Amino acid sequence: PIVAGLLMLFILAASVTIMNMLVGVLCQVVTTVAAVEKEEMTVGIFESKLRAVAERLDQNHDGNISMEEFCTLIHDPAAAKALQAVGVDPVGLIDYADCIFEAEDGRASKEL
């Protein structure tokens with residue numbers, strides 16, 4: 001009788017432990033999925049804002065951004081806000097304009 005009681009207590013404790021472990025795994029999965037969805041949503045919002053800014057910056061409306069048009073990015077408050085929202089420093093981005101507009105052969109490209 002004592003052994004049967006101890007066996008039942010062990011089975012109960014093991015079941016509760018496994019159930020708690022599964023709840024913890026489920027919580028971790030939900031947290032990870034929420035973080036991924038939030039990042040996807042942030043990227044989607046940033047992309048739409050950046051497209052709108054790019055259309056405004058494209059002064060000659062050829063569908064490409066020239067280096068001069070790109071450098072006006074710092075003067076556009078909406079562009080600066082959108083870049084800062086995703087952790088990009090607009091001033092630092094302008095500093096790297098030469099690298100961004102560099103062609104594969106090492107020469108400076110005029111448009112993106």
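Before I start: I call a residue buried when its relative accessible area is under 20%, exposed when over 50%, and partly exposed in between. I also keep in mind that this is a predicted model.

**Entry 1: overall layout**

I began with the secondary structure. The protein chain has five helices and zero strands, and reading from the N terminus I get α-α-α-α-α. I then looked up the dimensions. The C-alpha trace spans about 90 × 30 × 25 Å along its principal axes. I set the radius of gyration against the globule rule: a compact globule of 112 residues would come out near 13 Å, but the protein chain has 27 Å.

**Entry 2: surface and contacts**

How much of the protein chain is buried? I find that 17% of its 112 residues count as such. For charges, I noted 7 positive and 17 negative ones in the protein chain, with mean positions 6 Å apart.

**Entry 3: D58**

Next I went to the loop between α1 and α2 (67-71), where D58 is found. Is D58 buried or exposed? Its relative accessible area is 6%, which is under the 20% cut-off, so D58 is buried. I then listed its neighbours, leaving out residues up to four places away in sequence: D58 touches G63, N64, I65 and E69. For E69 I looked up the spacing as well. D58 and E69 are 11 residues apart along the chain, and 6.4 Å separates their C-alpha atoms.

**Entry 4: the two sides of α3**

I moved on to helix α3, residues 77-85, and picked out its buried residues: A79, A80, A82 and L83. Why do they line one face of the helix? Seen down the axis of α3, the buried residues fall within an arc of 165°, so one face is what they line. I jotted down the background too: an α-helix has 3.6 residues a turn, so residues three or four places apart point the same way. Turning to the other side of α3, I find P77, K81, Q84 and A85 exposed. What covers the buried residues of α3? I see that the cover includes α1 (2-57) and α4 (90-95).

**Entry 5: two residues in α1**

I finished with a couple of spots in helix α1. I11 is found there, and its relative accessible area of 44% makes it partly exposed. I took its C-alpha to C-alpha distance to A85, one of the exposed residues of α3: I11 and A85 are 52 Å apart in space and 74 residues apart in sequence.

A4 is also found in helix α1. I get 44% relative accessibility for A4, so I log it as partly exposed.

Key
Residues are numbered from 1 along each chain as its sequence is written. This is a predicted model: local features need pLDDT of at least 70, side-chain atom pairs count only at pLDDT 80 or more; totals for chains, interfaces and linings use all residues. Side-chain values use heavy atoms; hydrogens and water are left out. Helices (H or I, at least four residues) and strands (E, at least two) are DSSP runs, numbered from the N terminus. The radius of gyration is taken over C-alpha atoms; the globule rule is 2.2 Å times the number of residues to the power 0.38. Buried means under 20% relative accessible area, exposed over 50%, partly exposed in between (1.4 Å probe, protein chains only). Lys and Arg count as positive and Asp and Glu as negative; His and the chain ends are not counted. The place of a charge is taken as NZ of Lys, CZ of Arg, CG of Asp or CD of Glu. The arc is that of the directions from the helix axis to the C-beta atoms. Contact means heavy atoms within 4.5 Å.
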